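Hello,

Here is the structure we talked about. Please open it first, then read the notes below.

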Amino acid sequence: MLIRMAVLLGFVLTASAAEPPNVIIIFTDDQGYGDVGVYGAAKFRTPHLDRMARQGARFTSFYVAAPVCTPSRAALLTGSHPVRVGLGRRVLFPYSNTGLHPDEITLAELLKEQGYATAIVGKWHLGHHRKFLPTRQGFDSYFGIPYSNDMGNHWYSRENFMSPPTPILRDERLIEQQPDQNLLTRRYTEEALRFIRGNKDRPFFLYLAHSMPHWPLAASARFAGRSELGIYGDAIEEIDWSAGEIFKALEELGIDRRTLVIFSSDNGASLRPWQRRGYRPGSNGPLRAGKNTTWEGGMRVPGIMRWPGKIPEGLVQDELATAMDILPTVARLAGARPPRDRILDGKDIWPLMSGQDGAKTPHEAFYYYRDERLQAVRSGPWKLHVYRPEWKDSAGNREPLLFHLGNDIGERNDVAAGYPGVVERLQALAERAREDLGDAATGRNGANVRPVGTL
């Protein structure tokens, strides 16, 4: 017994004394589930991301909290559902006067308190007014575009508003307008590498939020015309090159084995809009539909995690995990304590990332919201659609749709009639979400939502 206690004590001491990892999150824009080689990509190559998956973990049931930009990013950085933080509805625009509330606590703030250097490079999209900028939310530095790359010089007729030229900010200062978008991925990469090299001797957190492959698509001369999928594939091949440059720098600096790198996308690939614009679209693989929907193709995205010596090589993890889980998981690894004065929806998924035997998803349910409407709920392999916008009526006037995602990842065969008990159980979970977060489809206000930031 004494020996067992000593061993356990030794493990605790070793774990608590372990050096906290550097953390890099690479977050792309509108890259679909099927837009990485190891997830089945065709007509373009992603060798560096494929190698990342071979050297770490590939999640096959990894979700973002919304099928569009702003809410997805709010959830990633706060560990809370976007509806809970007041940013569940659509996306922010250059005419918007709201943003992430200054009282929200981001992953950057938690890590900064632990002595981390913190930086964001790329797209922010959580409020472009000064009080909402990344430098007010725990980031020491910022270089990038404050919203989507298609929002500059645009006439918003409903708002009678002409947006200014697309801005590039450094920290809180405008340094450029209407940048050459062909060079964005390269410029973001150079900024990221500069930050990594400048902080190699201390723990750091880098959030690299690429603007691509969001429309308008672009790639530098080195990559333009290189893939068989046209400019969409070219843009992703350049993102893959960017990831490779980061891994090369980590190895050259001798910090590869103490750096956790996470790769994902903010939502699924956009499909029909690309076709209307004359582009060949991205791919959501076997998943149904894409961006801006709560079918699997809108919210199930690539999720690759690599930390040499800590995350087993070649791990394929099918347990459900979400981008909201990154905050509590990384906080634990860094020795930080997530805030206890508010509800967080993310869970610690280190047992899944580290491949612990028998590890299961910590989520009893995952909720699919589009805007502030609850549209579906997943529990285990079961997914129940309780509201579909194409129904054109209230949620109570149509029978729900039930799919077994383990057998039917493409959501083609409704089996609700054969599993009334499963339908009833998931309906009860949906009702729990309505009480907690609210549901515009049924006119419900959530009991535990927090205010959006306003000017």
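Start at Y207. Leaving out residues up to four places away in sequence, Y207 touches I25, F27, R73, L76, L77, A119, I120, V121, K123 and F139. Bear in mind that this is a predicted model.

Y207 belongs to the largest nonpolar core, which holds 51 residues. Together with I25 and F205, Y207 touches the most other members of that core. Helix α9, residues 326–334, gives the most to this core: six residues. There is also a second, separate core of 44 residues. Among its members are Y39, L49, L229 and A249.

Next, two loop residues.

S211 sits in the loop that runs between β10 (204–209) and α6 (231–253). Its relative accessibility is 3%, so S211 counts as buried; the cut-off for buried is under 20%. The S211 side chain makes a polar contact with the side chain of Y188, at 2.9 Å. Setting aside neighbours within four places in sequence, S211 is in contact with D29, K123, I145, N149, L184 and Y188.

D266 is in another loop, the one between β11 (259–265) and α7 (272–276). D266 counts as buried because its relative accessibility is 0%. Not counting residues up to four places away in sequence, D266 touches F27, T28, D29, D30, V64, A66, V68, C69, S72, R73 and K123.

K123 is on the contact list of Y207, on that of S211 and on that of D266.

Now the sheet.

Four strands make up an open sheet, in the order β15-β16-β17-β18, with antiparallel pairing. Which strands stand at the edges? They are β15 (366–370) and β18 (401–404). Each has a single partner strand, so one side of each is left without a neighbour in the sheet. From one strand to the next, the twist averages 20 degrees.

β15 pairs with β16 (residues 373–379) in the antiparallel sense, over five bridges. Within this pair, Y369 stands opposite L374 in β16. Helix α11, residues 420–437, packs on the sheet. α11 touches β15, β16, β17 (382–385) and β18. The direction of α11 makes about 130 degrees with that of β16.

Best wishes

How values were computed: Residues numbered from 1 in each chain as written. Predicted model: local features only at pLDDT ≥ 70, side-chain atom pairs only at ≥ 80, totals over all residues. Heavy atoms only, no water. Buried < 20%, exposed > 50% of the residue type's maximum accessible area, 1.4 Å probe, protein only. Polar contact = N/O pair within 3.5 Å; in protein donor to acceptor, adjacent residues only side chain to side chain. Contact = heavy atoms within 4.5 Å. Core = buried A, V, L, I, M, F, W, Y, C linked by side-chain atoms within 4.5 Å. Pairing = 2+ DSSP bridges. Axes fitted to C-alpha atoms, helices over the stretch in contact; angles between N-to-C directions.
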